[in-house]
Amino acid sequence: GDPETEVVLPRIETDLVEVFQKTASGKLNEVELQVKKESAATLVLVSGGYPEDYEKGKEITGLEKVEDSIVFHAGTKEEHGKTLTNGGRVLAITSFGSDFKEAIKKSYQNAEKLHFDKMYFRKDIGFDL
């Protein structure tokens with residue numbers, strides 16, 4: 001599931017279609033899985049009130065300011081040229097770094113560039129490792 005997948009899959013360099021095809025045909029042992037040496041960290045941005053009651057339809061701004069990270073849209077929709085919240089888990093920001101601390105720092109820096117009403121993300125991710 002996500003957000004676990006959003007931190008693992010971007011590190012895989014091997015063609016995933018090939019991996020899935022070999023898995024389906026019982027020949028996964030024929031694939032040499034190549035994985036990036038960099039660490040990755042994902043930070044999830046949620047709507048206020050998540051996972052209980054949360055509002056939808058809040059405009060998301062700052063997406064164009066994100067640098068050196070992948071932004072996964074989970075609970076979003078596009079309407080009239082604007083990106084709006086449409087779920088509890090709204091966005092996930094995945095970043096790479098030479099180690100976990102560098103990766104999570106990039107995700108936090110990019111999260112600060114984004115805004116939507118009642119946006120929330122945990123500020124303690126990775127500090128217990």
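**Figure 1. The largest nonpolar core of the predicted model has 15 residues.** Leu-43, Leu-45, Leu-91, Ala-111, Leu-114 and Phe-121 have the most contacts inside this core. At least two core residues each come from strand E1 (39-47), strand E5 (89-97) and helix H3 (100-111). H3 gives the largest share, four residues. A nonpolar core is a set of buried Ala, Val, Leu, Ile, Met, Phe, Trp, Tyr and Cys residues joined through side-chain atoms within 4.5 Å. Buried means under 20% relative accessible area, exposed over 50%, and partly exposed in between (1.4 Å probe, protein chains only). Helices (H or I, at least four residues) and strands (E, at least two) are DSSP runs numbered from the N terminus. Residues are numbered from 1 along each chain as its sequence is written, and side-chain values use heavy atoms, with hydrogens and water left out. Because the model is predicted, local features need pLDDT of at least 70 and side-chain atom pairs count only at pLDDT 80 or more, while totals for chains, interfaces and linings use all residues.

**Figure 2. Surroundings of Leu-91.** Contact means heavy atoms within 4.5 Å.

**Figure 3. Thr-94 in strand E5.** Thr-94 is buried, at a relative accessible area of 0%. Its side chain makes a polar contact of 2.6 Å with the side chain of Thr-42. A polar contact is a pair of N or O atoms within 3.5 Å; within protein, one must be able to donate a hydrogen and the other to accept it, and residues adjacent in sequence count only if both atoms are side-chain atoms. With residues up to four places away in sequence not counted, Thr-94 touches, among others, Glu-6, Pro-10, Ser-69, Phe-72 and Ser-107.

**Figure 4. The largest pocket, with about 340 Å³ of space.** Of the 16 lining residues, Pro-3, Thr-42, Leu-43, Val-44 and Ile-125 lie nearest the pocket centre. E1 supplies the largest share of the lining, six residues. By class, the lining has 13 nonpolar residues, one polar and two charged. Ala, Val, Leu, Ile, Met, Phe, Trp, Tyr, Cys and Pro count as nonpolar, Asp, Glu, Lys and Arg as charged, and the others, Gly among them, as polar. On a 1 Å grid over the protein atoms alone, a cavity is a set of points where a 1.4 Å probe fits but cannot get out, and a pocket is an open set with protein on both sides within 12 Å along at least five of seven lines; lining residues have an atom within 4 Å of a point. Grid points are joined across faces, edges and corners, and a volume is the space filled by probe spheres set on the points.

**Figure 5. The largest cavity, with about 40 Å³ of space.** One cavity of 30 Å³ or more is found in the whole structure. Its lining consists of Asp-2, Pro-3, Glu-6, Val-44, Ala-74, Arg-89, Val-90, Leu-91 and Ala-92. E5 contributes the most, four residues.

Figure 6. The peptide bond joining Tyr-50 and Pro-51 is cis, with omega about 10°. Asp-68 has a positive phi near 60° and is exposed, at 58% relative accessible area.
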